[in-house]
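Hi everyone, thanks for coming.

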Amino acid sequence: MLIEQRVYHLKPGSLHEFLKIYEFEGLAIQSEALGNLIGYFQPQTGDLNRVIHLWGFESLEDRNSRRAALSANPKWREFLGKAGGFVTAQHAEILSGASFSPIR
């Protein structure tokens, strides 16, 4: 399994509004396309203006095809028009588990 970790940096003061819009509009669209949400987090210390989410994929090809389908979805593009303005930067990493990791 591959895990994609995405970190979105948000405008100060916009975290709760972003999460509200995402929960009620974006989550279902993204979950349908990507399939395996491992977790969605907001930091309690450090840089507080972020959300971090982890998605699981069978392979890099699986990830790429699912991301392409999500990007092509008009409902997702509509959601991005509403929520994208809150995001100031994003960072994505593809992670693979070590041999002793509970998630591999």
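Which residues are linked in a network of salt bridges? They are E4, R6, R63 and R67. By salt bridge I mean a side-chain nitrogen of Lys or Arg within 4 Å of a carboxyl oxygen of Asp or Glu.

Before I go on, a word on the ground rules. This is a predicted model, where local features need pLDDT of at least 70, side-chain atom pairs count only at pLDDT 80 or more, and totals for chains, interfaces and linings use all residues. Residues are numbered from 1 along each chain as its sequence is written, and side-chain values use heavy atoms, with hydrogens and water left out.

E4 and R63 join through their side chains, with 2.9 Å from N to O. That pair connects distant parts of the chain, since E4 sits in strand β1 (residues 2–10) and R63 in helix α2 (residues 60–72), 59 residues apart. Helices (H or I, at least four residues) and strands (E, at least two) are DSSP runs, numbered from the N terminus.

E4 also has R67 as a partner, and their closest N and O atoms are 3.1 Å apart. R67 lies in helix α2 and E4 in strand β1, so this pair ties together parts that are 63 residues apart in sequence.

Are E4 and R63 buried or exposed? Both are buried, meaning under 20% relative accessible area; exposed is over 50%, and partly exposed is in between (1.4 Å probe, protein chains only). E4 comes out at 0% relative accessibility, and R67 is buried too, at 10%.

In total, the structure holds 6 salt bridges. Another of them joins K82 and E25, at 2.8 Å from N to O. Here helix α3 (residues 74–83) supplies K82 and helix α1 (residues 15–34) supplies E25, 57 residues apart. K82 is partly exposed at 41%, and E25 is partly exposed at 31%.

Now for the pocket. A pocket is an open set of points on a 1 Å grid over the protein atoms alone, with protein on both sides within 12 Å along at least five of seven lines; lining residues have an atom within 4 Å of a point. The largest pocket is lined by 14 residues, and Y8, W76, L80, V87 and Q90 lie nearest its centre. Elements giving two or more residues to this lining are β1, α1, α3 and β4 (87–96), with the largest share, 4 residues, coming from α3.

Thanks, and I'm happy to take questions!

Definitions and conventions: On a 1 Å grid over the protein atoms alone, a cavity is a set of points where a 1.4 Å probe fits but cannot get out, and a pocket is an open set with protein on both sides within 12 Å along at least five of seven lines; lining residues have an atom within 4 Å of a point.
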